[in-house]
Amino acid sequence: MHPKILLLSLVFLASYASAQSQNIVEIKGKITDTSDNTELESATVYLQSAQDSTVIDYTTSNREGNFNLEVRKTDLPTVLKISFIGYRMYSKPFDKIDAAVDLGTIKLRPNADQLDEVVVQGEAPPIRIKQDTLEFNASSFKVRPDSNVETLLKELPGIEIDIDGKMTVNGKEVDKVLVNGKAFFGEDGKIATKNLPSDIIEKVQVSDTKTKEEELSGEMASSENKTINLTVKEGKNKGYFGRASAGYGTDDRYEGNLFFNYFNDDQRISVLGSSNNINSIGFSMDEIFDAMGGGRNVWSGGGRGGGINIGGVSFGSTGSGITTSNMAGITFADNFFKDKLEADGSYFYSQTNRENDNRTEQINLTPQGEFITNSESHTENESRSHAFNANFEFDLDSLTTIGFIPNINMTKTSSSSNQNSVSIDENGDLLNESESVNNRSNTNNDFGSRLFIIRRFRKKGHYLNFRFNNNNSENESEGFDRSSTVFYQNSDPDDIRNQRTFNNNKTDSYSLSLRYTFPLLDSVRISTGISYNTNKNTTKREAFNFVESTGDFSDLNDELSRYIESKQNDFNPYINFQLRKRNLRGRLNMGMNFTKYDNAALYMGDKTALKENYVYPSIRGNLRYTVDKGKTWSMNYNYNVTPPSASRLLPVEDLSNPLRTIIGNPDLDPTRSHAINFGFNNYDFAKRRGIFTFLRFNYDENNIVSVTEYDENYKSTTTYTNIDGTFNSSAGLFWNKSYKKGISTFQYRLGVRANLSLNKGITNNESFKSRNLSLSPSTSLAWEYGELLTVEPSYNFNYNQSSYTNYRIDKTSSFRHNFRIQTTSYWPKNVVFGNDFGYTYNSNIADGFRKSFWLWNSSIGYNFYKDKMTFKIKVYDLLDQNVGTMRNISESYIQDVENTVLKRYVMFSLSAKLDKFGGAKPERNTRRSRHRMRFRTRAF
């Protein structure tokens with residue numbers, strides 16, 4: 001850059017910053033108790049517009065009761081309010097604010113009608129900070145009457161929900177959503193946010209995600225993620241509400257959904273069910289498209305569906321093809337034994353059938369050249385799953401809490417597939433071709449649990465934590481496999497198989513830990529503890545050849561049968577330091593791992609045993625500095641050592657794939673990984689503007705990579721070795737801004753994400769490197785015109801480039817455009833008209849694969865019977881252009897894929913909703929009120 005241009009740029013930026021600072025004024029003061037002048041810490045101070053009560057900015061008082069609120073100058077009337085639990089609201093109006101304001105000492109008067117542990121209903125501030133929890137008053141944020149919780153969350157400052165449904169708070173990912181402090185059909189929150197109506201919510205509480213042990217002990221969170229807790233209004237916490245819909249359309253497409261909830265104070269029972277053949281998750285009651293997949297419920301991305309995961313079991317469309325699904329679930333929560341026992345649980349049943357046709361063209365890269373594999377396949381899968389999850393928390397006394405969290409998953413699947421593939425070299429000469437037909441049934445049973453005991457001592461900050469975890473799973477499968485593989489380039493015999501195979505995989509893992517925590521200083525805690533983990537995995541495979549003379553599968557194939565057993569025992573003593581100041585928080589965990597690692601195999605009558613002992617350190621640390629509200633710097637570091645898996649370590653051949661032989665390497669060393677993350681987020685409430693950026697870098701020593709050798713037929717033999725110097729890095733920058741002008745509301749979002757990685761390997765005795773770069777900028781706009789119209793355009797661009805060393809090809813690249821616009825009209829009265837229109841373009845995709853397509857979904861609905869019922873006509877893929885093509889690039893291949901996708905259909909549906917709520921109790925007993933306050937504090 002030319003020096004003069006640089007100088008002018010700096011002058012411009014300085015002038016701009018100076019102009020902005022001159023437009024900012026300060027409101028300050030000190031808050032005390034009127035009776036004894038006690039300083040009041042964490043009182044909520046906020047400035048509102050006098051016209052519509054919109055919050056302009058907010059802050060909280062510090063330990064000395066002082067507050068400092070920086071706001072932009074304004075000629076409009078405003079009101080400054082101060083709120084503190086147990087005290088009367090303070091209010092001071094301003095005709096305008098054009099200069100700094102010093103309010104001196106503000107003395108709050110205790111509320112004479114408010115007991116120490118009972119919150120009296122009155123004017124609630126829109127935002128309140130309670131220690132580590134940011135609390136929003138839901139009624140202070142306006143949404144449409146029929147809106148769900150997700151719509152409400154989008155209105156809250158700092159909360160973002162992207163086009164894929166991922167939720168963040170000030171740039172931090174939300175990984176847990178609770179209702180009254182308890183899970184609601186799993187903790188990921190999709191069912192709660194998409195189905196619960198917003199008008200039953202009283203508070204939205206945001207805090208750092210904590211484990212149960214951290215929650216109960218008051219320890220600071222070890223996670224960087226966020227938790228959202230939805231509290232139900234007292235008047236809505238006694239009654240029931242629900243919704244049901246059913247639809248039928250062309251090509252025999254159908255959908256049906258049921259969602260019913262019953263609340264009675266602490267007791268909650270919820271039931272849901274779904275049945276459809278439109279690739280739907282089934283539980284999303286979107287007011288425009290109901291549960292239609294590929295609309296605004298999920299970004300289809302060329303046929304990829306979305307799903308949810310509850311207790312380790314996936315529900316909804318999570319793969320390619322056409323899925324028919326039937327699902328049902330029930331969840332229950334209540335308190336027992338005078339609120340000493342808090343319990344919740346859920347049960348889910350899922351039955352799915354998926355059918356898919358796949359076509360793939362793959363260019364395989366080697367230092368000597370390339371070869372191409374073309375394949376086609378047809379697969380059918382049926383799955384039946386049961387998932388049970390529960391959570392029990394019992395207060396043995398005022399200082400001791402016992403928790404037990406079991407989960408049980410049972411899944412049975414059956415699948416059939418037929419596939420054919422052909423490989424040719426650069427000259428078009430045949431290398432090999434294969435055909436296969438497979439039929440398989442599978443049963444998987446999994447039981448896991450977590451038991452914890454927290455003992456708090458009377459000395460403040462002292463507590464003892466005991467934890468026991470277990471996971472026991474078994475997977476059994478039986479299959480009939482017929483395959484024919486023909487080789488053309490040498491005299492190797494063709495591989496013809498007709499076999500019956502049995503597989504059994506078992507995992508039994510247990511862990512114990514004991515930890516004692518005590519304060520060293522007011523702001524420093526120390527934890528010292530030990531943990532012991534034991535894990536045993538067994539893999540047994542038996543293959544029997546078909547015998548023509550007897551007509552059965554009785555000939556054991558020793559080459560394709562094997563037994564592998566792996567045992568790992570870890571002992572880990574450690575010490576943990578926690579720093580907790582007002583603006584600075586950190587954690588450092590240091591320990592030593594003593595690992596005993598035994599692996600054994602039985603193959604072809606030979607026994608192989610490998611025994612290793614490892615001693616290595618473990619280090620984890622994080623530091624977070626809060627400059628002021630909404631502005632935070634963070635850093636994390638993790639050093640981890642991972643032993644090689646048994647299959648990569650044991651020198652036992654795996655010949656299950658006729659075109660690929662795999663054998664382990666007993667000389668492998670553990671992989672040592674370094675991971676460091678930096679993050680910065682800043683949300684300016686006054687300007688409704690936020691920025692979030694991150695940088696992540698992972699470096700591996702002794703990374704385990706493939707060593708592959710091809711013969712003349714390009715049949716591969718792969719083993720493994722250790723290589724230094726591989727890494728993976730990513731960075732992102734995201735900006736959002738919202739403002740109101742008249743009856744219009746605007747929200748802008750800009751973002752860019754980049755990934756850079758270096759992979760290494762060895763092919764045909766020659767080393768290679770692959771540098772992979774991806775760049776993904778995105779932008780979106782949301783415009784709401786009162787309650788009549790919303791328009792939401794968005795654009796995503798994805799660029800991928802791979803550069804190779806010691807390959808015939810130097811580099812390859814591809815890019816993808818995604819443009820999408822959503823519109824929703826609420827005019828005329830009782831009519832809702834919605835459209836989702838998207839365009840996708842893939843570059844450099846192979847001939848014979850479609851590069852671009854349009855996807856247009858449309859819906860029109862009419863509300864009647866006092867808005868309790870809705871009739872809709874919905875059209876999926878109006879232009880009938882949807883395709884499922886995509887390109888994948890790795891260090892060793894370039895792959896173009898096409899899968900079956902859902903095509904155009906028209907759906908006619910009718911939905912109905914019902915609700916009935918009782919009023920709040922005129923009086924609440926002291927015991928219950930005390931419990932609620934304790935519960936809310938503990939939950940966050």
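Author: Strands in this text are DSSP runs of type E with at least two residues, helices are runs of type H or I with at least four, and both are numbered from the N terminus. The model is a predicted one, in which local features need pLDDT of at least 70 and side-chain atom pairs count only at pLDDT 80 or more, while totals for chains, interfaces and linings use all residues. Residues are numbered from 1 along each chain as its sequence is written, and side-chain values use heavy atoms, with hydrogens and water left out.

Reader: Is Asn-772 buried or exposed?

Author: Asn-772 is found in strand β42, which covers residues 766-785. Buried means under 20% relative accessible area, exposed means over 50%, and partly exposed lies in between, with a 1.4 Å probe and protein chains only. Because its relative accessibility is 14%, Asn-772 counts as buried.

Reader: Which side chains make polar contacts with the side chain of Asn-772?

Author: A polar contact is a pair of N or O atoms within 3.5 Å; within protein, one must be able to donate a hydrogen and the other to accept it, and residues adjacent in sequence count only if both atoms are side-chain atoms. Leaving aside residues up to four places away in sequence, Asn-772 is in contact (heavy atoms within 4.5 Å) with Asn-755, Leu-756, Ser-757, Asn-759, Gln-801 and Ser-802. Its side chain makes a polar contact of 3.1 Å with that of Ser-770, and one of 2.6 Å with that of Ser-802.

Reader: Which residue of β49 stands opposite Arg-359?

Author: Two strands pair if DSSP finds at least two bridges between them, and strand β22 (residues 341-366) pairs with β49 in the antiparallel sense over seven bridges. Strand β49 spans residues 893-899 and is mostly covered, with five of its seven residues buried. The residue of β49 that stands opposite Arg-359 is Glu-898.

Reader: Which residue in β49 is the bridge partner of Arg-887?

Author: A hairpin of three residues joins β48 to β49, and these two strands pair in the antiparallel sense over five bridges. Within β49, the bridge partner of Arg-887 is Asp-896.

Reader: What is the phi of Asp-880?

Author: Most residues other than glycine have a negative phi, and most peptide bonds are trans. Asp-880 is found in the loop between β47 and β48 (885-889), and because its relative accessibility is 33% it counts as partly exposed. Although this residue is not a glycine, its phi is positive, near 55°.

Reader: And what is the phi of Asp-867?

Author: Asp-867 is found in the loop between β46 (852-864) and β47 (869-876). Asp-867 is partly exposed, with a relative accessible area of 33%. It is not a glycine, yet its phi is positive, at about 65°.

Reader: Which residue does a cis peptide bond join to Pro-828?

Author: Pro-828 is found in the loop between β44 (811-825) and β45 (831-842). The bond is cis, with an omega of about 0°, and the residue that it joins to Pro-828 is Trp-827.
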